[in-house]
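The sequence and the structure come first.

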Amino acid sequence: MSNMKAELMNKIQDKTAVVGIVGLGYVGLPLAVEFAKAGYKTIGFDVQSKKVDAVNAGHNYIGDIVGDTLKKVVDSKTLSATSDFSFIKDVDAVAIAVPTPLDKYQQPDISYVKGSTESVAKYLHKGMVVVLESTTYPGTTEELLKPILEASGLKCGEDFYLAFSPERVDPGNKQYKTKNTPKVVGGIGKDGTEIAAALYRNVLEGGVFEVSSPAVAEMEKLLENTYRNINIGLANEMAIICNRMGINVWEVIDAAKTKPYGFQAFYPGPGLGGHCIPLDPFYLTWKAREFDYHTRLIETSGEINTGMPEYVVDRAMKVLNQNKTAMNGAKVLVLGVAYKADIDDYRESPALNVIDHLIKEGADTTYFDPYIPEYKHKGVVHTGEKELTDDMLKNADIVIICTAHACFDYNRIQKLSKEVFDTRNAMKDVKDRSNIELL
């Protein structure tokens, strides 16, 4: 073992290593808190001064951080935040956890990763380990990060270490958080893998699985979310077929999941949302073209899922037609715009596209979501209703449930509404189903 590796490993083990987290969002802030809780001096970096100020004030803005945990680690001086990247010179380990969205052409936008890496490179020093956590296409760590970091004059594997360890964050998950979710780590060279793995093992309880390269770790993350994308696409297509055949797709799925092997239940809905599943498969399809391969199955499932918001509006239109009501001018109330139940995250939420399609069809559209009083979509700010009143439910020609928040009183919704279109099977326990239409 080289002296540099031994020194860094000792710092990791005795927790004298200083850890930097670049990006204080849904991935970075919980990770920073876990490192700080474990006893590492941790510095969070973010270009948004609003987030930096909130962290330094101990104000939590991420739902997955429990109680006053953030305030405790800030008050104890274990965690601090800054927009000054020169403090990278003081850290021994850096994790980059910044967004990797798609551009308007549905191609990877890795500008945040590139910019963050360039900021780190300015202050890179010997004996550091850099880990990328942002979901991206296979090859990013070696083809993008490594050259940028080596432009500093330092050599990967000799002067610093580099690895990829994909984030695994499921907002609102009651069982699995950053602390207890297994980590996958793939470094450039054996030393890079071992050092990054040791860093995570000293903090997290879910275990660390080492792979042979960053590319393997990058690909496995895409496999995780492409797997879900494809199976949700299958569930959505089954919902469309079952509707035409007059079969309840939810009952079909409940029956199928009684099989103890060879089947995992996925459920239909108004489309895909969140920071991973709607986006990540496009990273793989984009990269596959470089190798002259067309990812037909992935792209087909993407087409099905992307088309669900319009399908929801078409179905709602048919329900209205049965009551001799036109969609143009109809009063439509959408319940829930978060991309999943009981969270305040509306990134890529299909409800936003459902609302856009309703407005395009001329519907008088309002929404209520207790977690999201307003949202911005395609440059337009939409403001929701402040409370779900009896009159709102009674006056709506149709109520569309896009998010199955547990706080909604579904018996009350059914009782007061003319028609309810339930895209999530949220009303499965409501006995009177005379005015309920299922996806």
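In this predicted model, eight strands form an open sheet with mixed pairing, and their order across the sheet is β3-β2-β1-β4-β5-β6-β7-β8. The edge strands, each of which pairs on one side only, are β3 (79-82) and β8 (208-211). On average, and with direction ignored, neighbouring strands of this sheet are turned by 25 degrees against each other.

Within the sheet, β5 (residues 128-132) and β6 (residues 160-164) pair in the parallel sense, and five bridges join the two strands.

Turning to the spaces in the model, the structure holds one cavity of 30 Å³ or more. The largest cavity contains about 90 Å³ of space, and its lining is made up of V27, L31, E133, P166, E167, R168, V169, T178, T181, P182, K183 and L204.

The second largest pocket, an open space, has a volume of about 1,500 Å³. Its lining comprises 46 residues, of which D170, R228, I232, I277 and K340 are the closest to the centre of the pocket. Which helices each supply at least two residues of the lining of the second largest pocket? These are α8 (214-245) and α9 (249-256), and the largest share, six residues, comes from α8.

The table sets out the two linings by residue class.

| Lining | Nonpolar | Polar | Charged |
|---|---|---|---|
| Largest cavity | six nonpolar residues | two polar residues | four charged residues |
| Second largest pocket | 20 nonpolar residues | 14 polar residues | twelve charged residues |

Read together with the lists of names, the table shows that the lining of the largest cavity, with its four charged residues, includes E133, E167, R168 and K183, whereas the lining of the second largest pocket, with its twelve charged residues, has D170, R228 and K340 among the residues closest to the pocket centre.

Notes: Residues are numbered from 1 along each chain as its sequence is written. This is a predicted model: local features need pLDDT of at least 70, side-chain atom pairs count only at pLDDT 80 or more; totals for chains, interfaces and linings use all residues. Side-chain values use heavy atoms; hydrogens and water are left out. On a 1 Å grid over the protein atoms alone, a cavity is a set of points where a 1.4 Å probe fits but cannot get out, and a pocket is an open set with protein on both sides within 12 Å along at least five of seven lines; lining residues have an atom within 4 Å of a point. Grid points are joined across faces, edges and corners, and a volume is the space filled by probe spheres set on the points. Ala, Val, Leu, Ile, Met, Phe, Trp, Tyr, Cys and Pro count as nonpolar, Asp, Glu, Lys and Arg as charged, and the others, Gly among them, as polar. Helices (H or I, at least four residues) and strands (E, at least two) are DSSP runs, numbered from the N terminus. Two strands pair if DSSP finds at least two bridges between them. Axes are lines fitted to C-alpha atoms, for helices over the stretch in contact, and angles run from 0 to 180 degrees between N-to-C directions.
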